[in-house]
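Try each task before you read its solution.

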Amino acid sequence: MTSVGPCPVSAVPAGTMAQSRTLLLLLLLPPQLQLGPVGTARSPGFGRSGTHSLSPDENEFVEEGPVLVLSPEEPGRGPVTINCPRDCACSQEGVVDCGGIDLREFPGDLPEHTNHLSLQNNQLEKIYPRELSRLHRLETLNLQNNRLTSRGLPEEAFEHLTNLNYLYLANNKLTLAPRFLPNTLISVDFAANYLTKIYGLTFGQKPNLRSVYLHNNKLADAGLPDNMFNGSSNVEILILSSNFLRHVPKHLPPALYKLHLKNNKLEKIPPGAFSELSNLRELYLQNNYLTDEGLDNETFWKLSSLEYLDLSSNNLSRVPAGLPRSLVLLHLEKNAIRSVDADVLTPIRSLEYLLLHSNQLHAHGIHPRAFQGLKRLHTVHLYNNALERVPGGLPRRVRTLMILHNQITGIGRDDFATTYFLEELNLSYNRITSPHVHRDAFRKLRLLRSLDLSGNRLHTLPPGLPRNVHVLKVKRNELAALARGALAGMAQLRELYLTGNRLRSRALGPRAWADLSHLQLLDIAGNQLTEIPEGLPESLEYLYLQNNKISSVPASAFDSTPNLKGVFLRFNKLAVGSVVESAFRRLKHLQVLDIEGNFEFGDVSKDRGQLKEEEDEEDEEDEDEEDEEDEERR
């Protein structure tokens, strides 16, 4: 084996002792390790650790390794020299960083007092036990992002590391876990390998073990021993996501507070699987094959500390019964849920977030008392379902309600009569028509700040819009005009989106904006305007007019809007000579002016004549539509 030559490292005077000791600290994660990248965070002074491209699935379950903050300076009373492998960084306190230097063999001249060794992001394929055996002080060993195989990592490789606390072997080519690991371990990371087998003493008999990361492997039920954590009852974090498990592992450590079983092949959870996990706070079961029959009333009932439960992307047709009363956030999206019964959610008085989107819910499938008594429930997602109307019995204290992408055709007078605390309401991309929105539908929503009615079938703005909203979106409807008084009294409105309608200049007189004294953003892109609207609010800062038919910018175009910061006129009908430059010179705050896709050459007056003819034709069409609408109302 080729030896890596030594490199001297000198000490610095004692005057910088405090600063140097800070730099030499190994910043290890606490026992309650958070999920973070499988790659190790690096010191800014050492940019050698190459990059590893993670799949989206890996990125969700990646662990923060140790942050090795190294300095070639060591405090002392006189100059000291130590041996250090070539291209590595060493400190007197035993921190050695050889990460990302394309090592193909284990460095053979490591200082014997090494206690934190980083070898990640190299090309190592083998490690010989004798190379590690003399590093008896080693506490942290980072070998992730190499090419280590089980054959290249002998069973006795870690036998003499009696002080090892942290072992990182993620992103290698291991197929079998080591049979024996030191009983001093606190955290072990074997993520993103090819593991098919775990042994009884891989993680067993380790009273200090707190976190185990095994996600993105090839583990099946047969590869896990029944006594996998025998003698390791203090494990708090176990990540087994993205494997091939059909059953929940047996005899899980009772100290667990975070358990990830996402992306496996679980079809059912046997009785008692979680009965000893009274400390569990987070349980991730999404992307499995769980059915109603695979869960019973007692599956979760012993999880008295559970706050986060993710059952999304399974095969459930109803909300499971017997859910823990301690739940704060419940993921049930992307199932085939058709009903929410009266008594399945009401005992969960601590529930704050309920995500039921992308199911098969009809309004009649949600019991009127389904949310009764849930005083803390403030966020409800019901989008991408089959609701034909706003469901009754909505939570009284809901603040965010997302019911977009359904089949709702109208809004009744009392649909929101009890949701006094609602702040954000999204009704976009339904089938709502103007005649079927009751003028008193929003009368109780005095705290509403955001209302989205985009992607419906509105011909006019509904009457009785909440006057206190800050953001109003009515994009991609069939608006041809703003009815007189439609925006009356909306002095708090900051942003108004009217994109993708059929609005014409004649339908947008100065009176339309008269009460919008705080409007900062107006988006009328993708309409049929031939002129820049007049009488816009002085408070306006951003004006979006792209994809219209505007043919000129007169000198007075922005007289009423001196505070504009951005004007967007891309893809209109502006021709050479039709833009008066002085119109923009008066805008002292202007930062962005976008007029690309314009300046057509040709007869400007002819273009305007054509536009006049088109506008007259559109007037006739709109009159016919208004007559039809009047007949519908009768």
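A residue counts as buried under 20% relative accessible area, as exposed over 50%, and as partly exposed in between. Please keep in mind that this is a predicted model.

**Exercise 1. A leucine for contrast**

Solution: 

**Exercise 2. Aromatic pairs**

Task: Say how many aromatic pairs there are, then classify the geometry of Phe274 with Phe300 and of Phe558 with Phe584.

Solution: 
- With ring centres required to lie within 6.5 Å, the count is seven aromatic pairs.
- For Phe274 and Phe300, the ring centres are 6.3 Å apart and the planes meet at 15°, so this pair is stacked.
- Phe274 is in the loop between strand S11 (258-260) and strand S12 (282-284), and Phe300 is in the loop between S12 and strand S13 (308-310), so the pair ties together parts 26 residues apart in sequence.
- Phe274 and Phe300 are both buried.
- For Phe558 and Phe584, the centres are 5.4 Å apart and the planes are at 40°, so this pair is tilted.
- That pair also links distant parts of the chain, with Phe558 in the loop between strand S23 (542-544) and strand S24 (566-568), and Phe584 in helix H5 (residues 582-585), 26 residues apart.
- Phe558 and Phe584 are each buried.
- To finish, look for a cluster: ring pairs join Phe190, Phe203 and Phe229.

**Exercise 3. Salt bridges between loops**

Task: State how many salt bridges the whole structure holds, then follow Arg179 with Glu155, Arg413 with Asp440 and Glu541 with Lys565.

Solution: 
- Side chains of opposite charge can pair when their charged atoms come close.
- Searching the whole structure gives 14 salt bridges.
- Arg179 and Glu155 form one of them, at 3.0 Å from N to O.
- Here Arg179 is in the loop between strand S7 (166-168) and strand S8 (187-189), and Glu155 is in the loop between strand S6 (140-142) and S7, 24 residues apart.
- Arg179 has a relative accessible area of 35% and is partly exposed; Glu155, at 41%, is partly exposed too.
- Arg413 and Asp440 meet in a salt bridge at 3.7 Å, N to O.
- Arg413 lies in the loop between S17 and strand S18 (424-426) and Asp440 in the loop between S18 and S19, so the bridge ties together parts 27 residues apart in sequence.
- Arg413 is partly exposed at 38%, and Asp440 is partly exposed at 28%.
- Widening the view, Arg413, Asp414, Asp440 and Arg443 are linked in a salt-bridge network.
- In the bridge of Glu541 and Lys565, the closest N and O atoms are 3.8 Å apart.
- Glu541 is in the loop between strand S22 (521-523) and S23, and Lys565 is in the loop between S23 and S24, 24 residues apart.
- Lys565, at 26% relative accessibility, is partly exposed.

**Exercise 4. Surface patches**

Task: Name the residues that gather in the patch of positive charge and those that form the nonpolar patch, then describe one member of each, Arg397 and Tyr420.

Solution: 
- The patch of positive charge on the surface consists of Arg325, Arg349, Lys375 and Arg397.
- Arg397 is in the loop between strand S16 (379-381) and strand S17 (400-402), and its relative accessibility of 39% makes it partly exposed.
- The nonpolar surface patch is formed by Tyr420, Phe421 and Leu447, with about 250 Å² of accessible area together.
- Tyr420 is in the loop between S17 and S18, and at 38% relative accessibility Tyr420 is partly exposed.

Definitions and conventions
Residues numbered from 1 in each chain as written. Predicted model: local features only at pLDDT ≥ 70, side-chain atom pairs only at ≥ 80, totals over all residues. Heavy atoms only, no water. Patch = residues over 30% accessible without salt bridge, like charges linked within 9 Å, V, L, I, M, F, W, Y side chains within 5 Å. Areas by Shrake-Rupley, 256 points an atom, 1.4 Å probe, with all protein chains shown as cover. Salt bridge = Lys/Arg side-chain N within 4 Å of Asp/Glu carboxyl O. Lys, Arg positive; Asp, Glu negative; His and termini not counted. Charge placed at Lys NZ, Arg CZ, Asp CG, Glu CD. Helix = DSSP H or I, 4+ residues; strand = E, 2+ residues; numbered from the N terminus. Buried < 20%, exposed > 50% of the residue type's maximum accessible area, 1.4 Å probe, protein only. Phe/Tyr/Trp six-rings, centres within 6.5 Å; stacked < 30°, edge-to-face > 60°.
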